[in-house]
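Thanks for coming, everyone. Let me put the structure up, and then we'll walk through it.

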Amino acid sequence: MAAKAGAAASFMFMLFLLNTACQAQLSPTFYDSSCPNALSAIRTAIRSAIASDRRMAASLIRLHFHDCFVQGCDASILLDETTSIQSEKTALGNLNSARARDASAYVSISKSISLLLLVLRAAKPGLVVYDSYEKMSQVGGPSYAVKLGRRDSTTASRSLANAELPAFFESLESLISRFQKKGLTARDMVALSGSHTLGQAQCFTFRERIYNHSNIDAGFASTRRRRCPRVGSDATLAPLDLVTPNSFDNSYFKNLMQNKGLLQSDQVLFNGGSTDSIVSEYSRNPTRFKSDFGSAMIKMGDIGLLTGSAGQIRRICSAVNN
């Protein structure tokens, strides 16, 4: 099931990176005529990548999110540093994290995709989005119609990434404000946060919470302290969802209601604030959670789109065309 989830999410992410001709409106059927085997080829590549690295699903979902929140869903996060481009891979929220520095996590897919690109030869925008979708469906996540046909940016912005990506220590009010600026509601934010049913976090991101916060289950905190000391082991990983870390389900919300959110930015969603009722609803109703998650992913995937003649179709994911 874990492998499936990853493959689904990755599949969608890669489709966000896939593009061809450029004048059609975004559509789930964008490639049906120009490249009818595109989706099956991408699906195969993603399943292979996830089979060799189970974290790939969560990594690609996060990469999609971190791409969309910085100048829109335009694959700018994949661009390498140059004399004229400040790569987003080295922004605080991405460095040695979202494995975006490795978009190598992505590039690991990109490489398994090199063969794919020989066939598709068409670029990447639709890929990032589609990829996330495919990863999700592979892990039991929701199905939804991914809009294809986006184009790639010719710029990136580390300063924007540092300013606009949510941080693990933020308050509920700050998180709601960040998402609203992107056209996403508080419900969208809570639903998207449910992707933390997959993936892991580094010790330095939750150390403060497990040692100094009062709104945390004592047994949960004790368990996490075993591998995350007060000093050192900053990069040691722990699953964001203690119960079912490799399945896309609603355990994340049940954990929050028991004060077992790993990150501060997780637990603030259920801490006597305005989103408590949404968390409670999703903990009882996994169908509603998955439905809202799919809708929120579509909305997020519409942020700052490049279509028509805007942007370009990169020949190499990490570099602007010469």
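First, confidence. This is a predicted model. Its mean pLDDT is 80, and 77% of the residues reach 70 or more. Two stretches need care. Over residues 19-24 the pLDDT is below 50, and that stretch has 21 contacts in the model beyond near neighbours in sequence. Over residues 100-135 the pLDDT is also below 50; there the model has 182 contacts beyond near neighbours in sequence.

Now the inside. The largest nonpolar core has 36 residues. Which of them touch the most other members? They are M189, V190, L192, F253, L269 and M300. Helix α15 gives the most, with five residues.

Take L192 as an example. Leave aside its neighbours within four places in sequence. L192 is then in contact with F179, L184, F293, A296, M297 and M300.

Next, helix α2, residues 38-52. Its 15 residues reach 22 Å from first C-alpha to last, close to the 21 Å expected at 1.5 Å a residue. Which residues of α2 are buried? A38, I42, A45, I46, A49 and I50. Seen down the helix axis, the buried residues of α2 fall within an arc of 130°, so they line one face. On the other side, T44, A51 and S52 are exposed.

Now the cysteines. How many disulfides does a search of the whole structure find? Two. One joins C68 to C73, with an S to S distance of 2.0 Å. This link is right-handed, with 120° about the S-S bond. Both C68 and C73 are buried.

The other disulfide is formed by C203 and C228, with sulfur atoms 1.9 Å apart. That link is right-handed too, with 75° about the S-S bond. This pair links distant parts of the chain, 25 residues apart. C203 sits in helix α10 (residues 203-212), while C228 sits in the loop between α11 (218-225) and β2 (237-239). Both C203 and C228 are buried. Number the bonded cysteines in sequence order, and the pairing reads 1-2, 3-4.

One last cysteine: C317. Is C317 buried or exposed? Its relative accessible area is 10%, so C317 is buried, as the cut-off for buried is under 20%.

Technical notes: Residues numbered from 1 in each chain as written. Predicted model: local features only at pLDDT ≥ 70, side-chain atom pairs only at ≥ 80, totals over all residues. Heavy atoms only, no water. Core = buried A, V, L, I, M, F, W, Y, C linked by side-chain atoms within 4.5 Å. Buried < 20%, exposed > 50% of the residue type's maximum accessible area, 1.4 Å probe, protein only. Helix = DSSP H or I, 4+ residues; strand = E, 2+ residues; numbered from the N terminus. Contact = heavy atoms within 4.5 Å. pLDDT = per-residue confidence, 0-100. Expected span 1.5 Å × (residues − 1). Arc of directions from axis to C-beta. Disulfide = S-S within 2.5 Å.
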